Amino acid sequence: MGIDNPSTRLHEAGVAAYGNNIDTDDASDMNMFAELSPFQTALADIRGDVTPARIAPARIIPALRSMPEQEIPGGGDLRFRCNGEAYPATPAVSSHGGLTGQLNDKGQPASYRIVGYTPIPS
């Protein structure tokens, strides 16, 4: 989507290695990447064999809740934390703020700006 950072380079590498007919100039696939990648980021410190016991909710939920605040992949330094404190009334929400985009002449995002972001308390 015209932005060069580690997240978009990882996305492009994944598309090159595993994708087929994916238009990386379309925001849809990067949006999906940005929505799913935080889950991987939040669980990156889980070690050992992936077994049903290791990936049971009783193990994953504490790992998610204890993670430090991290950048949302593809989010231009918009950050998230899965501890239920971003909006306590809706504990599945893990970020304050959002991104706005400036569109280019083809109607695709050309630049982004973070709006409404504040750090999420521990």
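Buried means under 20% relative accessible area, exposed over 50%, and partly exposed in between, with a 1.4 Å probe and protein chains only as cover. The model on screen is predicted: local features need pLDDT of at least 70, side-chain atom pairs count only at pLDDT 80 or more, and totals for chains, interfaces and linings use all residues. Residues are numbered from 1 along each chain as its sequence is written, and side-chain values use heavy atoms, with hydrogens and water left out.

**The whole chain**

Start with everything shown as a cartoon. The chain has three helices and four strands, where helices (H or I, at least four residues) and strands (E, at least two) are DSSP runs, numbered from the N terminus. Read along the sequence, their order is α-α-α-β-β-β-β. The C-alpha trace spans about 50 × 35 × 20 Å along its principal axes.

Of the 122 residues in the chain, 30% are buried. Contact means heavy atoms within 4.5 Å. Among contacts between residues at least 6 apart in sequence, 37% join residues at least 24 apart.

**Helix H1**

Select residues 6–18, which form helix H1. The expected span of a helix is 1.5 Å times one less than its number of residues. For the 13 residues of H1 that gives 18 Å, and the end C-alpha atoms are 18 Å apart, so the two agree.

Now show the side chains of Ser 7, Thr 8, His 11 and Val 15, which are buried. They lie on the same side of H1, because they cover an arc of only 95° around the axis; the arc is that of the directions from the helix axis to the C-beta atoms. Which elements do the buried residues of H1 pack against? They pack against helix H2 (27–42) and strand S1 (70–71). Turn to the face of H1 that points away from the buried side, and you find the exposed residues Pro 6, Leu 10, Ala 16 and Ala 17.

Go on to Asn 21, in the loop between H1 and H2. Its phi is near 60°, a positive value in a residue other than glycine. Most residues other than glycine have a negative phi. Asn 21 counts as exposed because its relative accessibility is 75%.

Next select Arg 47, in the loop between H2 and helix H3 (57–66). Arg 47 has 55% relative accessibility and therefore counts as exposed.

Move to Glu 69, in the loop between H3 and S1. Is Glu 69 buried or exposed? At 15% relative accessibility, Glu 69 counts as buried. Leaving aside neighbours within four places in sequence, Glu 69 is in contact with several residues, among them Arg 79, Phe 80, Tyr 117 and Pro 119.

From Arg 79, look for Asp 77: their side chains meet in a salt bridge at 3.4 Å, N to O. A salt bridge is a side-chain nitrogen of Lys or Arg within 4 Å of a carboxyl oxygen of Asp or Glu, and the structure holds one. Asp 77 is partly exposed, with a relative accessible area of 44%, and Arg 79 is partly exposed at 24%.

**A nonpolar patch**

Finish with Leu 99, Tyr 112 and Ile 114, which form a nonpolar patch on the surface with about 210 Å² of accessible area together. Patches are made of residues with over 30% relative accessible area and no salt bridge; like charges are joined within 9 Å, and nonpolar side chains (Val, Leu, Ile, Met, Phe, Trp, Tyr) within 5 Å. Ile 114 is found in strand S4 (residues 109–115).

Methods. Accessible areas come from the Shrake-Rupley method with a 1.4 Å probe; for residues, only the protein chains shown count as cover.
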